[in-house]
Amino acid sequence: MKTRPWTLILPLAAGLACAEADPGDSPGGAVELAALDAVFADYSAADGPGCAFAVSRDGQQVMARAYGMANLEWDLPNTPETVFEPGSVSKQFTAAATILLVLDGRIDLDDDIREYFPEMPDYGEPITVRMLIHHTSGLRDWGSVAGIHGWARTTRIHTHKHALDIASRQRALNYEPGRYYSYTNTGYNLQAMLVERVTGQTFDEFSQERIFEPLGMTKTQWRDDFTEIVEERSIGYRRGDDGEWHMLMPFENVHGNGGLLTTVGDLLRFTRNLDTGEVGGPEFIRLMHEQGMLDSGRQISYAGGLFVGEYKGVREVQHSGGTAAYRGFLTRFPDHGLAVSVMCNVGEANPGGLARAVAELYLGDAIGDEASENPAGADVDPARVAAFAGGFRDTRTGQFMELTADGASLRVGGLGGMSLAAMSETEFASPAGVSIVFDGPAGSGARPGATMDTPVADDVRIEPVDGFEPTAAELAAYAGAYHSDEAEVTYWVEVEDGGLVLKDRYGDGRSLAPVYRDAFRQGGSTFIFRRDDTGRITEASLSQGRVWDLRFERLR
């Protein structure tokens, strides 16, 4: 633990820490402090948590500023030197460690992970290290499985032993390795463990030696022991049901997927290396930016813990993150030499929106008009659009999604309410790269199926489903106990007040809303009852964002 003078934070005014440097110039002129402060106006109160941000131009930090409080109990403000957690922004550091081992010749990106993890099941097709980096392994997210078990992250002290145990108990993958993309923390925890198994060092020791120290990241470390004292660390907060601030900390020791303790300035030092290759050289830069490839030949936007794409017409490399009540975003605009880091200790913050608002002030006229980015759209009768609205089933996972009409646009409930403008009578698209093409126009008959493409998936079939209003007898047929060895959990399905309730071992229940025959929705999950050839319900499956078709055997 390094000793730092208390006076670093004492002179700072509550709620707002001073800038470390001049604002610098944008293409259109100087960036006013008032404009930057306005971006963070909602997080600058002296009685609430807040954020810090930093900006660099061609590798030189030109701005760092902080808002709100780091610790409400001790009335300590955030500063540009406050230590936060940026959540999954950490993944690029883990990918960097893995790629350094590749460049050392100690592993290969196309190695079967079972060479390093013999306890993992043999799924018939190899899962490679490269697939772990690009989220194309098919591995279920261990934290989501733990949540299904009843112990979501932040509710139990999870370790890498737990993460590996859960991963090794999964008898099935979400899909065949390489076929699709599904974001999974499991792949990044495995990378951290892989580094340890190959080098004999802890992941933090390796990272300090090969990444943090060479880049001058003096206030960065992995949270591999959540009980360790970390100087100048902020506390994470979120609003409780009572409207008051409550602590929400990552009391867990899993890392690699997240778990980086760092400052906004140190994040900029790392992202600069993705331009210069000071650590790793040109091949390191290439592999970090190498985007994943699906078996179909589709290149996805995910690279080495980085999303590669555009923002308002400007090339951007970025990643967001959130762990407990911490939020983070690190973005770089390579063609303009600009990088922005934002971290917050408030769960309600949108660090991506904040970082991009700052970036726009510095990019000036280089940034495109959002309206010009939107698809031009077509003059389509809203009544024809409305005919497509209704429930659909993702044929990969069985998950339910709902399309609603909004004039000449369709809104996709399963994608956070994203709006897709009509390009024709059968095609709808968004500026985010999501499109839905229906098999034909909607008429007086049945709604047509469709193919959906996203930046990380192509040719996803969605099929229309009819609503379902089960009778009392049909509801009674679903009642029973359902057990999953993979999640180590038993659920009891009971009929209460004319509906189904899913209960855990403690008797706590969650209502199941019918969405199509034999399928029910609870939050973001779809619970599907499955029948044998005689029509008898023998099992069920659960699908959600990061876990597809987790099977439950019916016990009674």
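Me: How do the axes of helix α5 and helix α6 cross?
Reply: Happy to start there! Helix α5 (residues 160–168) and helix α6 (residues 185–199) have axes that come within 10 Å and cross at roughly 115 degrees. Those axes are lines fitted to C-alpha atoms, for helices over the stretch in contact, with angles running from 0 to 180 degrees between N-to-C directions. Helices here are DSSP runs of H or I with at least four residues, strands are E runs of at least two, and both are numbered from the N terminus. This is a predicted model, in which local features need pLDDT of at least 70 and side-chain atom pairs count only at pLDDT 80 or more, while totals for chains, interfaces and linings use all residues. Residues are numbered from 1 along each chain as its sequence is written, and side-chain values use heavy atoms, with hydrogens and water left out.

Me: What is the handedness of the crossing of α5 and α6?
Reply: α5 passes α6 in a left-handed crossing.

Me: Which residues of α5 meet which residues of α6?
Reply: From α5 come His 160, Leu 164 and Ala 167, and they meet Thr 186, Asn 189, Leu 190, Ala 192, Met 193 and Arg 197 in α6. The test for contact is heavy atoms within 4.5 Å. Sorted by class, this contact has five nonpolar, three polar and one charged residues. Nonpolar covers Ala, Val, Leu, Ile, Met, Phe, Trp, Tyr, Cys and Pro; charged covers Asp, Glu, Lys and Arg; the others, Gly among them, are polar.

Me: What makes you say α4 is largely enclosed?
Reply: Seven of the eight residues of α4 are buried, so the rest of the structure largely encloses this helix. Buried means under 20% relative accessible area, exposed means over 50%, and partly exposed lies in between (1.4 Å probe, protein chains only). The buried ones are Trp 142, Gly 143, Ser 144, Val 145, Ala 146, Ile 148 and His 149. Their cover includes α5, α6, β25, β30 (537–544) and β31 (547–554).

Me: How do you know that Cys 51 and Cys 344 form a disulfide?
Reply: Their sulfur atoms are 2.2 Å apart. The cut-off for a disulfide is a pair of cysteine sulfur atoms within 2.5 Å, and by this rule the count comes to one disulfide. The pair links distant parts of the chain, with Cys 51 in strand β4 (residues 51–57) and Cys 344 in strand β15 (residues 338–344), 293 residues apart. The link is right-handed, with 100 degrees about the S-S bond. Both Cys 51 and Cys 344 are buried.

Me: What is the phi of His 135, and what is the phi of Asp 497?
Reply: His 135 has a positive phi of about 60 degrees although it is not a glycine. For Asp 497, also not a glycine, phi is near 50 degrees, again a positive value. Most residues other than glycine have a negative phi.

Me: Why does Thr 128 count as buried?
Reply: Thr 128 has 11% relative accessibility, and therefore counts as buried. Leaving aside neighbours within four places in sequence, Thr 128 is in contact with Leu 109, Asp 110, Asp 111 and Ile 113.

Me: How do you know that β20 and β21 pair?
Reply: Strand β20 (residues 427–429) and strand β21 (residues 435–438) pair in the antiparallel sense over three bridges, and two strands pair if DSSP finds at least two bridges between them. Glu 427 stands opposite Val 437 in β21. The two strands form a hairpin with five residues between them, and Gly 433 in the turn has a positive phi of about 90 degrees. β21 also pairs with strand β22 (residues 450–454), antiparallel over four bridges.

Me: Which strands make up the closed barrel?
Reply: Eight strands, β16-β17-β18-β19-β20-β21-β22-β23, run as a closed barrel with antiparallel pairing. Neighbouring strands of this sheet are turned by 30 degrees against each other on average, direction ignored.

How values were computed. A crossing is left-handed if the near helix is turned anticlockwise from the far one by less than a right angle, and right-handed if clockwise.
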